[in-house]
Amino acid sequence: MSKSKIVTLSTAVSTIKNGSSLSFSGFGHSGHPLSFVRELIRQRPKDFTLNAIAECWPAEFLVGTGSVTAINMSNLMFEGLGRCRAISVAIEEGRVKVDDHSHLALSLRLLAAGWGVPFLPIRSIAGSDLESIQTAEKQKFTRIMSPFGEGEVGVVSALQSDVAVIHTNKSDSQGNAIIYGAASVVEAQIRGAKSVIVTTEQLVSADEIIEENQNVIVPGILVSAVVHTPFGSHPGGMYKVYDEDVEHMDMYYEASRNEAALAAYHAEYIYGKKDENEYFESLGSEKLMNLRVDPTLQFALKEGK
Amino acid sequence: MDEVMTIATSRYMLDGNTIFIGTGLPMVAAYFAKATHAPNAVLLFESGVLDPQPKYIAKAVGDSRLVSTARRVSGMMDSLLLLQGGHVDLGVLGCAQIDKFGNINTTVIGPGGYAKPTTRLPGSGGANDIASLAKNFLVVTRHKPRTFVDKLDYLTSPGYLTGPGARERAGLLGGGPIAVVTDKCIFEFDDNTCEMVIKSIHPGVTADEIAESTGFKILIGSEVEQTVIPKISELEILRNQIDPEGVYI
């Protein structure tokens, strides 16, 4: 019996050092480890580099609280709402350095790191400004002649994150974890990181994982810590468990339109709460129960109310 | 005019096509195509959602409304590598800026360029991959002078780059843009020059109006026509069956 990797949220967060490079699970408005992100902001380490493909909410919260200095990014927007304002303003004001990629390019860079190869071939990016403007220390893209005589091909360099934080539906004590629904780029993120922290809606027995072992997307051997964070994607959703809190997301998005309101949001929902228990207590159980999905439809009938 | 745009967009979606798509008007157009002339079109989303049933209008490509009706759900790399493998017939993109060769900017706006943007936009996402790799792609956008520009502030996703032969020289596998659908007209691209040419003008719009809304000199095709007006029966399907709650249309 291997030793359990289960730790408290506060303990897991305390392992993140100033200046770390980070990547986070999630896509659109679901599956982001936001309990982890809020606790990270409360503990106030900073100067992070984000390797950000689809982590709009983690990136927005971290950039908005001044925790980030650089982003290797492919796309940061709030689908259906608009651009991520805190991030956009920070880039416009020169507070955060960015290097842009396509989704495929950044995914393949993480995967190259995870597969232990210095680069991977890619057929996009060439000819665009993603090729001609490269701002990070490590060059992301170049063209080489195929050693197999098939002409020129683009290649992207490997990019490793220090830590990947992945929110999951179920995990056992070793971090063997299942994500339902679209899994974004989790496979590349976990392989492309020096260490992986799993946060999960539900801690389950090894037997329950074995029953669904074909759905295990995170192999426990890559995982250093497991944290139980129910409703851990709030205000985003988690497939098969709860829907997005549309009301809260809209409230945040309005607040992000000006500096004072944004600071007030952070004060109220992040710094003003001692921990995640206090955050969820303040939301109230009725609110959370109404976000639970209908087991047949897989979405909530009383959305965001 | 949204309805004219939606139905015009749907006409480029052919039966049996695999279509790489996002949310918004293109999704409504694709659902309309599936309900009418292209029942066997298959939709593929960046999130890894493949072939969802058009039961609900989703607000996001990772939305549970899409995931819960899809034939297969994987992740982003799977969708993008299907694209790179040459399995996507048509992509549909939006833009903040577009030039006469159909090159697109969705990254930064302003004279300071990439280093000092006036307005930072979301970036490429999968758009550069779609523009580079889909067999063909469509652009759907509002027609404004600040959108149709002579020179992009940043080239995020490749149209025909600098003109004939440029995509081939860059080694791009996809065929490039086939049309740009706006709220004023439809452009296609000249086979020889790779430049945007007006193919049809929407009812009630004049060529002068289009010229005023376009930052480069417009070219009008020799066989320019009026865009086909949607039939009442088509509008009924769109309004009552596809998007009854008016999420997008």
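## Contacts and the nonpolar core

Two residues are taken to be in contact if their C-beta atoms, placed from the backbone, lie within 7 Å. With that cut-off, and with its neighbours within four places in sequence left aside, A30(B) is in contact with M13(B), I19(B), I21(B), A41(B) and L43(B) in this predicted model.

A30(B) also belongs to the largest nonpolar core, which holds 163 residues. Together with A59(A) and I19(B), A30(B) touches the most other members of that core, and I19(B) is in turn one of the residues with which A30(B) is in contact.

## Confidence of the prediction

For the complex, the predictor gives an ipTM of 0.95 and a pTM of 0.96. Chain B has a mean pLDDT of 94, and 99% of its residues reach 70 or more.

## Where the chains meet

The contact between the chains draws 49 residues from chain A and 47 residues from chain B. On the side of chain B that touches chain A, at least two residues each are supplied by α3 (64–67), α4 (76–84), β9 (119–120), α5 (127–133) and α6 (166–170) of chain B. Sorted by class, that side of chain B has 21 nonpolar, 20 polar and six charged residues.

## An enclosed helix in chain B

Why is helix α1 (residues 2–10) of chain B described as largely enclosed by the rest of the structure? Seven of the nine residues of this helix are buried, and it is therefore largely enclosed. The buried residues are V4(B), M5(B), T6(B), I7(B), A8(B), T9(B) and S10(B).

## A three-stranded sheet in chain A

In chain A, three strands form an open, antiparallel sheet in the order β7-β9-β8. Its edge strands, each pairing on one side only, are β7 (119–122) and β8 (141–145) of chain A, and neighbouring strands of the sheet are turned by 40° against each other on average, direction ignored.

Strand β9 (residues 152–157) of chain A is joined to β8(A) by five bridges, the two strands running antiparallel, and within β9(A) the residue E152(A) stands opposite M145(A). Helix α5 (residues 103–115) of chain A lies across β7, β8 and β9 of chain A, and runs at about 150° to β7(A).

Terms used
Residues numbered from 1 in each chain as written. Chains lettered and ligands numbered in written order. Predicted model: local features only at pLDDT ≥ 70, side-chain atom pairs only at ≥ 80, totals over all residues. Core = buried A, V, L, I, M, F, W, Y, C linked by C-beta atoms within 7 Å. Buried ≥ 20, exposed ≤ 12 C-beta atoms within 10 Å, placed from the backbone. pLDDT = per-residue confidence, 0-100. Helix = DSSP H or I, 4+ residues; strand = E, 2+ residues; numbered from the N terminus. Nonpolar A, V, L, I, M, F, W, Y, C, P; charged D, E, K, R; others polar. Pairing = 2+ DSSP bridges. Axes fitted to C-alpha atoms, helices over the stretch in contact; angles between N-to-C directions.
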